[in-house]
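Please look through the sequence and the model below before reading on.

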Amino acid sequence: MTEKSWDMYQYILESKPAVRNIVEHQDEIFEEALNYCAEGEIEQIYVVGSGTSYHGALACKKLLEDVLKVKVFASYPMQFKDNELILNKHTLVIGISQAGRSSSTIAALDKARSLGLKTIAITGEAGKPVSEHADITILLAIGMEYAGPKTKGYIGTMATIMLLGMKLAVRLGRISEDEKERLSAQMVKTCDNIPEIAEQASQWYLRNKEDLLPCRRMILVGYESCISAMMEGTLKVLEAVRYSVVGYEQEEFMHGVYHSIHEDTTMIYLACPGQYFERCLRMRDYFARERHNPNYVITSDPTQAEDSHNFVYPFVNDPYFATMEYIVPLQVLARKLSLDLGIDCNIASDPDFHKKMGSYTY
């Protein structure tokens with residue numbers, strides 16, 4: 001692949017076939033890991049990773065807990081490494097590093113191995129350093145992703161961890177094969193919509209381009225099944241447009257942050273169906289009326305389509321997989337807005353940043 005033949009937007013579109021590939025080849029992808037996990041008991045699971053990997057871990061937590069009937073923790077690697085955690089000998093630690101070189105994820109896996117815990121690395125390529133620090137490696141079967149802001153990797157990470165959990169739950173007799181197939185079909189159904197969501201999100205951006213271009217302060221708000229999408233969307237826009245973007249859980253936002261909203265603050269709400277949906281709309285209406293700032297809602301509610309600021313799409317809205325579809329408009333926004341700001345977000349602002357920060361000992 002030549003230097004100019006790949007782009008962040010292209011990888012967004014590739015998320016659909018990536019998930020289908022993982023599902024199609026699940027037996028060979030997970031065979032070794034399933035045999036490994038089936039040896040002995042697993043009473044709790046830590047899924048560790050940074051940035052996009054952490055957000056993917058967070059999105060998988062509920063499904064893993066529900067199908068495996070064990071406690072699952074999403075953790076930043078350094079928190080896992082540095083804190084005195086309640087870890088028993090039946091703990092599984094899954095370390096995620098798409099590039100396979102994350103020193104913090106390696107440090108977390110090293111701690112887990114030193115305690116005699118089960119360890120699995122999930123990474124995008126064979127032979128990467130992270131694999132040397134775990135007992136088993138699962139490869140992300142999504143193909144290469146050269147752009148700095150990971151999009152296909154986010155979706156592929158979630159699909160990989162969730163499918164591992166579902167297959168292990170079947171192996172351990174926690175759910176039936178039929179239930180696993182039902183859940184897998186919902187995941188595929190959700191991800192099959194990604195290219196169409198991306199195309200409609202591109203049109204949404206074009207409708208609002210002139211209002212979005214002057215923005216230099218953006219806040220994203222989410223709740224329930226869209227928390228991970230809110231956090232990952234915040235990171236994607238930050239990586240791409242390179243100005244102040246912050247994300248908050250909806251109730252957390254209401255505890256003080258609302259004081260800072262003024263007419264130059266752009267707000268985007270991930271308004272999935274649920275008990276907080278009407279509260280989200282009331283908050284949008286309040287800021288539009290009282291602070292006169294730009295407000296955008298991403299939702300499946302057709303009654304919101306009259307406002308051209310809103311992105312309305314008939315999302316699947318499965319509580320386990322909703323983050324896989326609600327993230328797409330934010331991924332597209334990040335890429336399209338960066339292009340019009342003259343930023344090539346495919347390339348890091350400083351490719352040597354991590355090297356300049358130096359290494360640490362542990």
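This is a predicted model: local features need pLDDT of at least 70, side-chain atom pairs count only at pLDDT 80 or more; totals for chains, interfaces and linings use all residues.

Glu232 and Lys236 are both buried.

## Other salt bridges

Side chains of opposite charge can pair when their charged atoms come close. How many salt bridges does the structure hold? The count is 19, and among them is a bridge between the side chains of Glu181 and Lys180, with an N to O distance of 3.1 Å. The two partners can be described by their accessibility: Glu181 has a relative accessibility of 39%, so this residue counts as partly exposed, while Lys180 counts as buried because its relative accessibility is 2%.

Another of these pairs brings together the side chains of Glu290 and Arg289, at 3.3 Å from N to O. Glu290 has a relative accessible area of 42% and is therefore partly exposed. Salt bridges may also share partners, and in this way Lys61, Glu65 and Lys71 are joined into one network.

## Aromatic rings and the charges over them

The structure also holds 15 aromatic pairs. Through ring pairs, a cluster is formed that links Trp204, Tyr296, Phe311, Tyr313, Phe315 and Tyr326.

Where in the chain is Tyr320 found? Tyr320 is in the loop between strand S10 (311-312) and helix H13 (322-340). Is this residue buried or exposed? The relative accessible area of Tyr320 is 19%, and because buried means under 20%, Tyr320 counts as buried.

If residues up to four places away in sequence are not counted, Tyr320 touches Ala59, Lys62, Leu63, Asp66, Met162 and Leu183. With Asp66 there is also a polar contact, in which the two side chains are joined at 2.6 Å. Val188 is 132 residues away from Tyr320 along the chain, and the C-alpha atoms of these two residues are separated by 12 Å.

## The protein as a whole

The secondary structure of the protein comes to 14 helices and ten strands. Along the principal axes, the C-alpha trace spans about 60 × 50 × 40 Å. A compact globule with 362 residues would have a radius of gyration near 21 Å, and because the protein has 20 Å, its value agrees with that expectation.

Of the 362 residues in the protein, 53% are buried. Among contacts with a separation of 6 or more, 76% are accounted for by residues 24 or more positions apart.

Conventions
Residues are numbered from 1 along each chain as its sequence is written. Side-chain values use heavy atoms; hydrogens and water are left out. A salt bridge is a side-chain nitrogen of Lys or Arg within 4 Å of a carboxyl oxygen of Asp or Glu. Buried means under 20% relative accessible area, exposed over 50%, partly exposed in between (1.4 Å probe, protein chains only). Rings of Phe, Tyr and Trp (its six-membered ring) pair if their centres lie within 6.5 Å; planes under 30 degrees apart count as stacked, over 60 as edge-to-face and the rest as tilted. Helices (H or I, at least four residues) and strands (E, at least two) are DSSP runs, numbered from the N terminus. Contact means heavy atoms within 4.5 Å. A polar contact is a pair of N or O atoms within 3.5 Å; within protein, one must be able to donate a hydrogen and the other to accept it, and residues adjacent in sequence count only if both atoms are side-chain atoms. The radius of gyration is taken over C-alpha atoms; the globule rule is 2.2 Å times the number of residues to the power 0.38.
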